[in-house]
Amino acid sequence: MDLIRPSVLFLLHVVSVNCSPEILVDVVVDRYYIPRVCPREVETEDFIRYHFNGTLFADGKKFDSSHDRGKAFISQVGLGRLITGMDRGLQGMCVNERRKITIPPHLAFGSVGTGGVIPADAVLVYDVLLLDIWNTEDKVVIRTLHKPASCNRTTVASDFVRYHYNGTLLSGEAFDSSYSRNTTYDTYLGQGDLITGMEEGLLGMCVAERRLIIVPPFLAYGENGSGIAVPPQATLVFEVLLVDLFNPKDDLIVEVKEVPVACTRRTVKGDYIRYHYNGTFQDGTAFDSSYQRNSTYNTYVGMGYVIRGMDKALQGLCMGEKRRITVPPHMAYGEDGVGDLIPGSAVLVFEIHVIDFHNPKDLVKIKVTHKPRDCNVMTETDDLIQYRYNCSLMDGTLLYSSDQYDSPSTTTLGASKVILGLEEGLSGMCVGERREVVIPPHWGHGEDGAGGVPRSAVLFFELELVELQKGVPEGYMFVWLGDGPDPLFPAMDLNGDKEVPLEEFTSFIMIQVKEGKGRLRPGVDTASIIKDMFNNQDRNSDGKIVEDELNEQVEEQVRRDEL
C-alpha cells in the first residue's frame, strides 16, 4: 500500500530566505513541490539519483548543473560524500519532490571556496529534483494488483512465460513497453535471460495476474544502465500482466466437463469426427470459434490432420461429450505461431463439444423399439410403403419430421427415392413396427450434405411403418402370385365370345387381385396400369384381344427368357 506523505518529514533550523546570508546558521529548505504520494523518504546511507541547478545566493549566478551535463547526479546520503548542508537538506525527500536548499558557507565550502567557481564564504542555493532512492539492503518489491479467482498453476524456474509490461523509472518516466510493440515479452525463467530482479518478481504468478515489481538498481542494470533509456543506478518499476506460461515438460491437459449418460462408443484412430469449439489463450482471449462460423470442424482422428495435441485429445470421446483441452505450444503451433492469429509459443485452450463421429467402415445401425405380435408381412424391394419419421442430428437437433406434413411419407423401396441408409432402415419392417436408425454419412448425404443436413453428418431416424402395399419388380405392371391360368385366354374370356375388350380385361385382372392370385404395381392409377397392359396385348390396336394375339405375346416372352 502506498504511504501518504507525513505532514512533517524532518526538523531543520529554518531561517527566512529573505534574511541576509551573514545570519544563516543552518540549512534552509523550501519544499515547493511535494508529490501527493510518497512511499519512501531519503534516509542516512540511502543512495539517491537527482538533478540539480546550483546557484550563488548573492547574485543568482549558476555555478553547476546536472541538467546542463545531461546526467543525473548519484551519491550516498549522510556519510560525508556530499557537503554537509546537502547531506542535511536531502534528508526526508520523496521521489519527484522539488526542493530549494539554501546552505550557509560553514556547511558548504566555507571561507576557502572551490576552484575559482565558488567564492569564499558563499551561500549556495541548490534547486533539486529527486529521481531515485535505493539502499544496499533493498529487496525486490512485489505488489499484486490483480489476481484471478481461479489459479491452478503458478510460475516456477524453467517455465516459459509470455507477459506484457510497462517499464518506468521510479520517477514515473517510461523507458519501455511491450504494449507499444503490440507483442508480449517471451522468455524462460531461471536461465539468466532476464535481470535478476525481474526473474524474482515473475515467480509465483498466475496467468492473468497483474503485479507491480520494483527492482533496485543492483538487481537491474546497475551502474552501467541500459542504453539511453535506463540511466545508471536506476530503480526500475514494472507493471506486469502474465499472459501465458508453460513448461517444456508439459503434456496435454484434458478436463472432462460433461459426458452423456449413455456412451456406447468412443472415438478411436481413423474415426471421422464433427465437433464445435471455442479457442482461447490462457488469459481468456479468444482466437477462433466454430460457433461463429455456424459450422462444425470436421476431421479424421489420430491421422495428423490437426495439431498434435488436438489429435491426441480427440481420442476416447463420446458423442455429446464436452471437454476443456489445454495444449502446450510444443503440441500446437510451437515457436512460430500462426501469422497474426496465434503468437509464437502460445498455450491454446479449447472448449469442445462432440456433435457426432463415425468410421468409414460403419454400417447402418438399426434398433427395433416396438414390433407387433402379428408380423408376417415385411417390407422388401419394390414395395410401396407409408411411414412416419423424425430425422435429427446426433446432438438431438431436429432436421425434418413427417409431422410437418399432412400425411405420412410415401416411397417405393428400391427405387432410389430416399438415401441408401434409410432404404436399409425401412427394409424388413412390419406395419406398426417402430425403429431407431443411425445412418453414417456415407449411407446418407455424404461429405456435401443436403439442404439442412450438414456435411458429413451422422443422422438419427425414428421410424414407424404405417402402411405396406406389396410391390412388383421393376419393369412390371402386374405379377402372378403363383401359377397363372393355363391356358390363359379362356380364363380371360369371361363371356366366352372369343374376344376380350378392355372392360372384360379389366374385370379379369381385378378378380385376380381380389382373390390374391395377382398383384398390380402399387402407387400407380389402377385404370392406367390395366389400360397399358391391355394395349400391350392388343397387337393390332383394334380394341380387343384375341387368342392369337395373346399366343404371339407369350411366344415372344418365352424366346426372350431363353435368350
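Contact here means heavy atoms within 4.5 Å. The model is predicted. Ser409 is found in strand β22, residues 409-412. Setting aside neighbours within four places in sequence, Ser409 is in contact with Ile385, Gln386, Tyr387, Tyr389 and Ser402.

Is Ser409 buried or exposed? Its relative accessible area is 18%. Buried means under 20%, so Ser409 counts as buried.

## Helix α9

Helix α9 covers residues 502-514, 13 residues in total. From first C-alpha to last it reaches 18 Å, close to the expected 18 Å.

Glu504, Phe505, Phe508, Ile509 and Gln512 are buried in α9. Viewed down the axis of α9, the buried residues fall within an arc of 135°, so they line one face of the helix. An α-helix has 3.6 residues a turn, so residues three or four places apart point the same way. On the other side of α9, Glu503 and Lys514 are exposed.

What do the buried residues of α9 pack against? Their partners are β25 (478-480), α8 (488-492), β26 (500-501), β27 (518-520), α10 and β28 (544-545). Just after α9, Gly516 adopts a positive phi of about 75°.

## Helix α10

Helix α10 is one of the elements packed against by the buried residues of α9. Helix α10 spans residues 526-537 and has 12 residues. Its first and last C-alpha atoms lie 17 Å apart, close to the 16 Å expected.

Which residues of α10 are buried? They are Ile529, Ile530, Met533, Phe534 and Gln537. Seen down the axis of α10, these buried residues fall within an arc of 135°, so they line one face of the helix.

Technical notes
Residues are numbered from 1 along each chain as its sequence is written. This is a predicted model: local features need pLDDT of at least 70, side-chain atom pairs count only at pLDDT 80 or more; totals for chains, interfaces and linings use all residues. Side-chain values use heavy atoms; hydrogens and water are left out. Helices (H or I, at least four residues) and strands (E, at least two) are DSSP runs, numbered from the N terminus. The expected span of a helix is 1.5 Å times one less than its number of residues. Buried means under 20% relative accessible area, exposed over 50%, partly exposed in between (1.4 Å probe, protein chains only). The arc is that of the directions from the helix axis to the C-beta atoms.
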